[in-house]
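Colleague: Hi! Could you walk me through this one? I'm new to reading structures.
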Amino acid sequence: MRIGELSRRTGVNAHQLRYYEAQGLLKPERSGNGYREYTDDAVLTVAQIRRLLDAGLSTPDIAWLLPCATGTGPDFEPCPELIDKFRDRLDGLDAHITTLHRSREALSEYLHAAERRVAQYI
């Protein structure tokens, strides 16, 4: 199938599909006239890519993980390296959440102080 058909079947626009190709996530064949030709397996691959992106993984991480992905879950072949990668990503997210929480608390304090100050002049 060509890129337009893959786009229709996956709901992912052609520009993003070309980006996935540039990142090494999709590997279409080229026809004699240079058009990208995708197999039916590309539909599953795009679904896996989207789910992994939704999980907050980067395209380099996905490129590393994708060969082990199976099914639409995606599920993965058992592999200690995958567990380490997921654990590292979760640790990074937890650290980011902690930082965001501290930032939110500080900003909230500034907001309340500003509101109190404004209320004094009203």
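Colleague: Let's start with the rings. How many aromatic pairs does the structure hold?
Modeller: This is a predicted model, and it holds two aromatic pairs. In one of them, the ring centres of phenylalanine 76 and phenylalanine 86 are 5.3 Å apart.
Colleague: Why is that pair called edge-to-face?
Modeller: The planes of phenylalanine 76 and phenylalanine 86 are at 65°, so the pair is edge-to-face. The cut-off for that label is an angle over 60 degrees.
Colleague: Okay, new topic: charges. How many salt bridges are there?
Modeller: There are six salt bridges. One of them joins lysine 85 and aspartate 61, with their closest N and O atoms 3.3 Å apart. Here, too, distant parts of the chain are linked: lysine 85 is in helix α5 and aspartate 61 is in helix α4, residues 59-65, which puts them 24 residues apart.
Colleague: Is aspartate 61 buried or exposed?
Modeller: Aspartate 61 counts as buried because its relative accessibility is 18%, and the cut-off for buried is under 20%.
Colleague: Which side chain does glutamate 5 meet in a salt bridge?
Modeller: That would be arginine 8, at 3.3 Å from N to O. Both residues are in helix α1, residues 3-10, and they are three residues apart, so about one helical turn separates them. Arginine 8 is exposed, with a relative accessible area of 62%, while glutamate 5 is partly exposed at 31%.
Colleague: Which residues are linked in a network of salt bridges?
Modeller: Glu21, Arg30 and Arg36 are linked that way. Within it, the side chains of glutamate 21 and arginine 30 meet at 3.5 Å, N to O. Arginine 30 is partly exposed, with a relative accessible area of 45%.
Colleague: Last one! Which residues gather in the patch of negative charge?
Modeller: Glu81, Asp84, Asp88, Asp91 and Asp94 gather there, on the surface. Take aspartate 88 as an example: this residue is found in helix α5, which covers residues 80-120. Aspartate 88 is exposed, with a relative accessible area of 53%.
Colleague: Great, thanks!

Terms used. Residues numbered from 1 in each chain as written. Predicted model: local features only at pLDDT ≥ 70, side-chain atom pairs only at ≥ 80, totals over all residues. Heavy atoms only, no water. Patch = residues over 30% accessible without salt bridge, like charges linked within 9 Å, V, L, I, M, F, W, Y side chains within 5 Å. Areas by Shrake-Rupley, 256 points an atom, 1.4 Å probe, with all protein chains shown as cover. Salt bridge = Lys/Arg side-chain N within 4 Å of Asp/Glu carboxyl O. Lys, Arg positive; Asp, Glu negative; His and termini not counted. Charge placed at Lys NZ, Arg CZ, Asp CG, Glu CD. Helix = DSSP H or I, 4+ residues; strand = E, 2+ residues; numbered from the N terminus. Buried < 20%, exposed > 50% of the residue type's maximum accessible area, 1.4 Å probe, protein only. Phe/Tyr/Trp six-rings, centres within 6.5 Å; stacked < 30°, edge-to-face > 60°.
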